[in-house]
Structures are given as structure tokens and as C-alpha cells.
Amino acid sequence: MTTDPKPLLRALHGTAGAPPPIWLMRQAGRYLPEYREIRARGRDFLDVCLTPDLAVEITLQPIRRFGLDGAILFSDILIVPHALGQKVWFEDGVGPKLEPLRRIEDLKQLSLGGLDEALAPVYETLRRLSGELPRETTLIGFAGAPWTVASYMIEGGSSKDYATAKTWAYGAPKEFDRIIALLVEATSRYLIAQIAAGAEALQIFDSWAGVWPEAALRRWCLAPAQEIVRRVKAAHPTIPLILFPRGVGPMYQAFAEECGADALSLDTTVPLAWARDHLQGKVAVQGNLDPLVLVAGGATQAEATATVLDALGSGPFVFNLGHGITPQASPDNVAALVEQVRAWRPKG
Ligand code: 1CP
């Protein structure tokens, strides 16, 4: 794979190279005036995700501006509950809202039967993007991990402590297994179809993995990730997968050894030397600049960026943030970041 013309694919397949490729989680979004302009036309957010003309345009916005190595499909992780038949909507200034699952019987209202049809516009978006991207740019598909998606399905939106979802899991673990199993099936089918439509790499976002003790983390995050990776690899063995088990601390090592993904996306708190010594020999790593550094900018940003590059840039590495970019980030700071990463070479 070392001959691949796409730097992001080379890194995800385990090849180190300077400069490392760069893309940013949530790189399309509210920090870009051209995104806000489209959103100001007043279309419902889910409708934007499901309108290929708009989703293609928004995906391309950060590529045109910054020439990033990866273009991530513009969509949302909550498109999967929507496609399963759950009521999902986005309230401006509030975030996602869902008609919550309350009892295991509520699962009967969800069905895998309508998945392909509901997600067809997403596949159309990917097909169009694969014809429009520069040849060195990698098209990244994605989905939420079962636990993170389930947390929204049960809580009915964002949550501070996930108390309703966690209490269900602890009180009726077999029922919770069924919810997770449904999402493993839906997510695997969705990711496999994204590859068929043109996705060249995939990221699975387990943004809220960091709330569990070890045994529960293994049961509801690590094992489901392993199963999704197994199914996707069985269908498409050469497509690299990135997993983002945000906030799992030293358990990142278990993910590196056991989940089967090609790369792990590191959250902002993962110590760099530890990641180099305990993870990077097993998987490619991606990360992990604090997104708020892109609000501060200046010397703070330059130093923090150099620290990440110097620690991880000599192994298989993808420069990224430790979580999604915030609406307050400055596009000029993003441009400076890309320039600095592209100029980086290992010392000595
Ligand atoms: O215009 C708007 O107001 C909508 C804001 C917005 C955007 C731009 C939402 C609502 N989703 C998205 C796009 C999005 N979401 C992308 C696409 C493209 C890109 O990365 O450029 C991706 C990959 C996501 C993934 C996502 N959605 C995650 C996982 C990543 C993460 O940041 O942890 C999660 C948890 C969501 C749920 C969600 N959707 C939207 C919001 C505001 C949230 C988070 C709410 C919360 O904090 O609980």
C-alpha cells in the first residue's frame, strides 16, 4: 500500500511519512461563514444532510479552503436512528432531540427494513463526491458507534450523565444487549453500503465511550466495535477503519490490541509519549490537538501543534483534533495549522 497516491490512506495503512496527512473532525460546520450561509436559508438540518446537492457542497467547503487530505461526508450520526424509524429533529441552539426509547417494547417500532431507502440520499452524496474530489484527497465515510447512538436514542438528546441509558444497561443488561445488537447490524450495513458508494476510509465515533467502567466498556463499546470491524472487513478487506473511543484513558491500549481497527483517534487528554509507546506500534494514531487551541491561535497554537507533531509524526500518524472543531474556531487559525503541519519534518 505504500504506493497509494493518497497520503491519508498511506498513513491509515501503517506507513509513516512527513508531512503527515491532516483532516479535522467536524471540519464542515458553523465556524465556516459559507456553511452558515447555507444554514441561514432555513432548511431543517436533517433535510440538509439528506439533500445531496447541499451535502456535497458542504463536504467540499473545507477542502476548497484548506486542501485537507480527507473529506468527511457531511451527515450526522443520528441519521441511523432516523433511518430505523425513530423521530429525530434538531433544534437550533439546543441540538439533537429524539422521541426517546423508554421500554424494550419500543424497539418494535424500529425496523431495519427501511434502512436502505432512508439512507439512499447519503449514498448518492458519496457517489457524487467520489467524482469531484482532488485525486490526492480521501473520501471518509462515518457512523456513530452503537453506544453513543443508543445514548441519544434513550436519553432523547444530549445528556450530562447518561443516567437513563446507564441505568437501563445496568438494570436489564440483556435488554441493553438487544439495543446494541440492532445498532451493530444497522451500522455495519450502513458502513458497507458507504464503501460501495465510494467511501475510501471510515471513522466510527464513540464520543461518549468514556463514561463506563471496564467491564461495561468491553461489553457495550469494545465488543460491538470489534463486531462491526469484523463485518466491514469481511465485505471490504482493504478499506481502513478509524475508531474514536473518546475518553477511555488507559483502555485505549485494549482497543489498539483487540478492536481490529487500523487506526485510533486520540482524544485531547491522551498523553503523547504514552500513545507513541503503547499504541502507535499496533495501530496508526490520529489526533489530538485540543480544538479550543484553534480559538486561541497564535503562539499557543503553534507550540501545541509542534508538540503533537514532534511526539507522533515519526510513526503512522494522521494530524487531527482531539474532538470536533468548535463554532468559535477561526478559519484563519485552521489555515495556519494546515500550513504548519505541511511544513513539518522530523528533527535530526
Ligand atoms: O448547523 C448546525 O447547527 C448543526 C450542527 C451540526 C453539524 C455541523 C450537527 C448537529 N451535526 C453536524 C455534522 C456532523 N456531525 C458531522 C459531519 C461532518 C464533519 O465532520 O465535517 C459529523 C462527523 C458529526 C458527528 C456527530 N454528531 C457526533 C460525533 C462526533 C463528536 O463531535 O463527538 C455526535 C456526538 C453528533 C451529535 C450531534 N449532532 C449535532 C450536534 C450539535 C451534536 C452533538 C450534541 C452533543 O454534544 O450531545
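Which polar side-chain atom lies 2.6 Å from an oxygen atom of the ligand? Select Ser158: a polar atom of the Ser158 side chain sits at that 2.6 Å distance from a ligand oxygen. Keep in mind that this is a predicted model.

**Around the ligand**

Stay with the ligand and move to His323. A polar atom of the His323 side chain lies 2.7 Å from an oxygen atom of the ligand. Next, show the backbone of Arg26. Here a backbone N or O atom is 2.9 Å from a ligand oxygen. On its own the ligand has 890 Å² of accessible area, and the protein covers 88% of it.

The largest pocket holds about 1,500 Å³ of space. Its lining counts 50 residues. Select Arg26, Arg30, Asp76, Pro96 and Ile325, the lining residues closest to the pocket centre. Arg26 is also the residue whose backbone you displayed at 2.9 Å from the ligand oxygen.

Switch to cartoon. Helix H2 (33–39), strand E2 (88–91), strand E3 (95–98) and helix H7 (146–155) each give two or more residues to the lining of the largest pocket. Which element gives the most to this lining? Highlight H2, which gives 3 residues.

Finish by colouring the lining by class. The lining of the largest pocket has 22 nonpolar, 17 polar and 11 charged residues.

Technical notes:
Residues are numbered from 1 along each chain as its sequence is written. This is a predicted model: local features need pLDDT of at least 70, side-chain atom pairs count only at pLDDT 80 or more; totals for chains, interfaces and linings use all residues. Side-chain values use heavy atoms; hydrogens and water are left out. A polar contact is a pair of N or O atoms within 3.5 Å; within protein, one must be able to donate a hydrogen and the other to accept it, and residues adjacent in sequence count only if both atoms are side-chain atoms. Accessible areas come from the Shrake-Rupley method with a 1.4 Å probe; for residues, only the protein chains shown count as cover. On a 1 Å grid over the protein atoms alone, a cavity is a set of points where a 1.4 Å probe fits but cannot get out, and a pocket is an open set with protein on both sides within 12 Å along at least five of seven lines; lining residues have an atom within 4 Å of a point. Grid points are joined across faces, edges and corners, and a volume is the space filled by probe spheres set on the points. Helices (H or I, at least four residues) and strands (E, at least two) are DSSP runs, numbered from the N terminus. Ala, Val, Leu, Ile, Met, Phe, Trp, Tyr, Cys and Pro count as nonpolar, Asp, Glu, Lys and Arg as charged, and the others, Gly among them, as polar.
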